[in-house]
Amino acid sequence: MSEDWKTELNLPKKDGRPQTDDVLGTKGNTFESFHLKRELLMGIFEAGFEKPSPIQEEAIPVALMGRDILARAKNGTGKTAAFVIPALEKLKPKLDKIQALILVPTRELALQTSQVVKTLGSHLGIQVMVTTGGTSLRDDILRLHDPVHVLVDVRHG
Ligand SMILES: Nc1ncnc2c1ncn2[C@@H]1O[C@H](COP(=O)(O)OP(=O)(O)OP(=O)(O)O)[C@@H](O)[C@H]1O
């Protein structure tokens with residue numbers, strides 16, 4: 001594969017803050033070693049991710065095989081991307097259907113998660129919808145007349 005696309009990426013400034021083993025203790029895999037679509041790799045690199053974190057390294061290949069996962073890791077270790085990346089890899093942007101349903105416990109997390117999906121999927125041409133309440137059922141139904149590939153919803157308790 002030609003590496004030209006990498007030179008055109010809009011990379012953020014490097015994050016120089018110190019990191020602990022929670023994110024550094026990896027086996028040394030790369031995002032490319034997961035054979036992800038180039039458009040997805042572009043979103044990942046433009047988010048400033050260089051290497052998968054430990055939870056991503058464990059979860060992404062298993063999720064790509066279509067296996068169920070129950071995972072646990074500390075806050076801020078990259079759990080969100082650990083499920084968003086395989087979901088985006090499996091998704092077919094040309095198919096105008098909801099192909100991923102992400103359920104989270106709070107409205108704030110729903111907004112954050114949808115932002116991660118938008119950032120990582122920014123080169124995939126996908127549409128993300130968040131149903132956090134606060135909008136009428138009618139508005140939600142109307143929105144669903146337009147393409148939605150990923151739906152993020154809040155489920156209490
Ligand atoms: N592989 C990576 N390389 C660099 N930064 C990353 C990587 N994965 C995630 N991040 C960044 O690390 C931060 C924490 O990630 P994220 O919020 O997904 O963690 P989390 O485990 O889901 O956290 P929480 O439990 O608080 O929801 C975010 O700013 C995210 O952009």
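Two strands are taken to pair if DSSP finds at least two bridges between them, and strands (E, at least two residues) as well as helices (H or I, at least four) are DSSP runs, numbered from the N terminus. The model described here is a predicted one, in which local features need pLDDT of at least 70 and side-chain atom pairs count only at pLDDT 80 or more, while totals for chains, interfaces and linings use all residues. Residues are numbered from 1 along each chain as its sequence is written.

On this basis, three strands form an open sheet with parallel pairing and the order β1-β3-β2. Strands β1 (100–104) and β2 (128–131) stand at the edges with a single partner strand each, so one side of each is left without a neighbour in the sheet. Neighbouring strands are turned against each other by 15° on average, direction ignored. The parallel strands β1 and β3 are joined by five bridges, and A100 stands opposite V150 in β3. Helix α6 packs on the sheet, where it touches β1, β2 and β3, and its direction makes about 165° with that of β3; such angles run from 0 to 180 degrees between N-to-C directions, the axes being lines fitted to C-alpha atoms, for helices over the stretch in contact.

Within strand β3, V150 is buried because 24 other C-beta atoms lie within 10 Å; a residue is called buried if 20 or more other C-beta atoms lie within 10 Å of its own, exposed if 12 or fewer, and partly exposed in between, with C-beta atoms placed from the backbone. Leaving aside neighbours within four places in sequence, V150 is in contact with A100, I102, V117, I126 and V128, contact meaning that the C-beta atoms of two residues, placed from the backbone, lie within 7 Å.

A nonpolar core is a set of buried Ala, Val, Leu, Ile, Met, Phe, Trp, Tyr and Cys residues joined through C-beta atoms within 7 Å. The largest such core has 28 residues, of which A82, V84, I85, L88 and L120 touch the most other members. At least two residues each are supplied by α3 (38–46), α4, α5, α6 (107–120) and β3 (150–154), and α5 gives the most, with six. Beyond its neighbours within four places in sequence, I85 is in contact with I44, Q56, I60 and L120. In helix α4 (residues 54–64), the buried residues are P54, I55, Q56, E57, A59, I60 and A63, and these pack against α2 (21–24) and α5. The helix α4 is followed by G66, whose phi is positive, near 85°.

Helix α5 (residues 79–90) also contributes three residues, the largest share, to the shell around the ligand. Of the 14 residues around the ligand, F49, N75, G78, K79 and T80 come nearest, a residue being near if its C-beta atom, placed from the backbone, lies within 6 Å.

Two loop residues complete the description. In the loop between α2 and α3, H35 has a positive phi of about 55° although it is not a glycine; most residues other than glycine have a negative phi. H35 counts as exposed, because it has 10 C-beta neighbours inside 10 Å. L9, in the loop between α1 (4–7) and α2, counts as partly exposed, with 14 such neighbours inside 10 Å. Although L9 and M42 are 33 residues apart in sequence, their C-alpha atoms are 6.8 Å apart in space.
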